[in-house]
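Me: Can you walk me through this one? I'd like to start with charged pairs.

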Amino acid sequence: MGSLLHPGGLSWAELLKRVYHEILDDDVLGLAAQMAYFFLLALFPLLLIVTTALGMMAQTGTEVYGAIQSWVREVVPPSSYDLVMRTLTEIQSGANGGKLSFGIIGTIWAASQGMAAISHGLNEAYTVTEHRPFWKARLVAILLTIGLGVFFIAALVILLYGGHFGRMLAGTAGVAGYWDVFWVVLQWPIVVLLVLWGFAILYRLAPDLEGTTFVRIVPGTVLGAGLWILASSGLRLYLRYFNTYHATYGSLGGVIILLLWFYLTAAAILIGGELNSEIENAAAEEGDPEARRAGERQAPVHR
């Protein structure tokens with residue numbers, strides 16, 4: 001895999017040049033637009049699953065729902081926040097266990113559309129053809145959708161209750177007075193680590209690859225998550241000072257901005273995949289027996 005200064009045996013300048021050409025050759029921006037469309041279709045079915053599940057958790061569910069509101073406010077562009085939260089509130093008020101049970105298969109199927117789009121996009125980034133049967137590929141998408149949904153809720157629970165738990169431990173150590181300040185600083189690295197973990201899960205399980213370890217997807221994970229954080233922050237900053245979407249699109253401004261954010265998210269995911277693919281391909285050219293050349297599904301086994 002090379003070193004940090006020479007990933008795959010290439011200089012960073014050469015590697016980035018290769019990634020740039022692959023972005024053009026694989027039509028990453030076009031794929032990102034397709035993925036953004038499916039993300040939008042998958043968003044509200046996913047919210048139905050999450051909010052209905054939270055409704056079954058009594059007081060804890062209410063607190064986690066509040067945490068979701070805070071998270072959405074921080075992540076989703078401001079102009080789309082009201083749209084998402086209004087829909088989320090309407091879904092929550094009308095959701096119950098019976099509705100979730102009755103429509104669970106169709107709801108999860110619809111929610112998995114976004115994950116299926118990610119699998120297709122990363123297969124293109126890795127230059128591999130989907131060999132999994134349709135049912136297996138969709139099952140993987142459904143399991144990833146459910147798994148990341150559980151991961152998302154668990155992450156919110158950690159952020160919601162981590163401060164309380166840490167305060168208890170700090171109290172036993174006699175430093176409870178310093179914990180609140182420490183937690184304010186600590187929770188942001190935790191958020192970044194959770195984002196990195198989520199991206200790593202996507203790169204490891206979504207594409208039709210075998211024999212790839214988490215270690216080998218670290219570069220793309222860091223790049224993809226970093227680009228997503230920068231793009232989301234940049235979009236929020238732009239909309240804060242130069243928001244002309246509502247003047248141009250009227251009441252559709254929130255939907256347009258949400259689509260734009262999904263587009264940037266998809267592009268970040270795909271560019272991270274392209275980086276991993278090019279590092280693997282370069283390492284294979286250098287003779288690394290465990291590296292996977294472009295178009296291969298499984299890394300050669302080192303004997």
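Reply: First the term: a salt bridge is a side-chain nitrogen of Lys or Arg within 4 Å of a carboxyl oxygen of Asp or Glu. This is a predicted model, so local features need pLDDT of at least 70, side-chain atom pairs count only at pLDDT 80 or more, and totals for chains, interfaces and linings use all residues. Residues are numbered from 1 along each chain as its sequence is written, and side-chain values use heavy atoms, with hydrogens and water left out.

Me: How many salt bridges does the structure hold?

Reply: Three. In one, Glu130 meets Arg132, 2.6 Å from N to O. Asp208 also pairs with Arg132, at 3.8 Å.

Me: Which parts does the Asp208 pair tie together?

Reply: Asp208 lies in the loop between α9 and α10, Arg132 in the loop between α7 and α8, so the pair links parts 76 residues apart in sequence. Helices are DSSP runs (H or I, at least four residues), numbered from the N terminus. Shared partners join Glu130, Arg132 and Asp208 into one network.

Me: Is Arg132 buried or exposed?

Reply: Buried, at 12% relative accessibility. Buried means under 20% relative accessible area, exposed over 50%, partly exposed in between (1.4 Å probe, protein chains only). Asp208 is buried too. Glu130 is partly exposed, at 31%.

Me: Switching to backbone. What is the phi of Asp27?

Reply: Positive, about 50°, although Asp27 is not a glycine. Asp27 sits in the loop between α1 (12–25) and α2 (28–55). Thr127 has a positive phi as well, about 55°.

Key. Helices (H or I, at least four residues) and strands (E, at least two) are DSSP runs, numbered from the N terminus.
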